[in-house]
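Take a look at the model below. Follow the chain from one end to the other, then look for open space along its surface.

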Amino acid sequence: QHALAMVLATLLFAGYRLWRHAATASWLHWGSVVITTVVYGVCYKLLAAQASSGGELFQKGLVEYCWDMVWITLFVQVASCASDWFWLIYLIPPCVGAYYAWTLVIYPWISKPDNVPGEGDDAAASKKRAKMERQMRRAKGK
């Protein structure tokens, strides 16, 4: 039933925008059909692979992002029949992806302090930390 919605949205956009308003259609409109078809195809393949492996189709992670892209693409295709400005909504997912990449991967990686030579390995550092905590507790008790 979701595949039917994807096909109907593509046919609606192609039929209305590219056939009914063919005089104002440009190569960008044809390219948008190709882009949305690729997005649908990739998301459908990932969701089908998840379903065939017995996984849950409404879980967190990549599956959730695939559903988000399917719904955003459906909305953008149908709404862009009224105005081409709705294609700007398609800029939101890459911006969100860049934000998550920066906050969860890139910034923590580049801001991680370097290991100070001579401080030792993690076991020695944890022993040192535990000793400092014991000394702080003893100092508070006096």
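Start with contacts between residues at least 6 apart in sequence: in this predicted model, 49% of them join residues at least 24 apart.

What secondary structure does the chain have? There are 5 helices and 0 strands. Read along the sequence, the pattern is α-α-α-α-α.

Now turn to the overall form. The C-alpha trace spans about 85 × 35 × 30 Å along its principal axes. The radius of gyration of the chain is 26 Å. For a compact globule of 142 residues, the value would be near 14 Å.

How much of the chain is buried? Of its 142 residues, 21% count as buried; that label requires under 20% relative accessible area. The accessible surface comes to about 10,900 Å². Carbon and sulfur atoms account for 68% of that surface.

Next, the empty space. Rolling a probe the size of a water molecule over the atoms shows where such space is left. The largest pocket has a volume of about 180 Å³. Which helices each supply at least two residues of its lining? They are α3 (62–79) and α4 (92–111). The largest share comes from α4, with 5 residues.

Find the lining residues one by one. They are Tyr65, Asp68, Met69, Ile72, Ile92, Pro93, Val96, Gly97 and Tyr100. By type, the lining of the largest pocket divides into 7 nonpolar residues, 1 polar and 1 charged.

How values were computed
Residues are numbered from 1 along each chain as its sequence is written. This is a predicted model: local features need pLDDT of at least 70, side-chain atom pairs count only at pLDDT 80 or more; totals for chains, interfaces and linings use all residues. Side-chain values use heavy atoms; hydrogens and water are left out. On a 1 Å grid over the protein atoms alone, a cavity is a set of points where a 1.4 Å probe fits but cannot get out, and a pocket is an open set with protein on both sides within 12 Å along at least five of seven lines; lining residues have an atom within 4 Å of a point. Grid points are joined across faces, edges and corners, and a volume is the space filled by probe spheres set on the points. Helices (H or I, at least four residues) and strands (E, at least two) are DSSP runs, numbered from the N terminus. Ala, Val, Leu, Ile, Met, Phe, Trp, Tyr, Cys and Pro count as nonpolar, Asp, Glu, Lys and Arg as charged, and the others, Gly among them, as polar. The radius of gyration is taken over C-alpha atoms; the globule rule is 2.2 Å times the number of residues to the power 0.38. Buried means under 20% relative accessible area, exposed over 50%, partly exposed in between (1.4 Å probe, protein chains only). Contact means heavy atoms within 4.5 Å. Accessible areas come from the Shrake-Rupley method with a 1.4 Å probe; for residues, only the protein chains shown count as cover.
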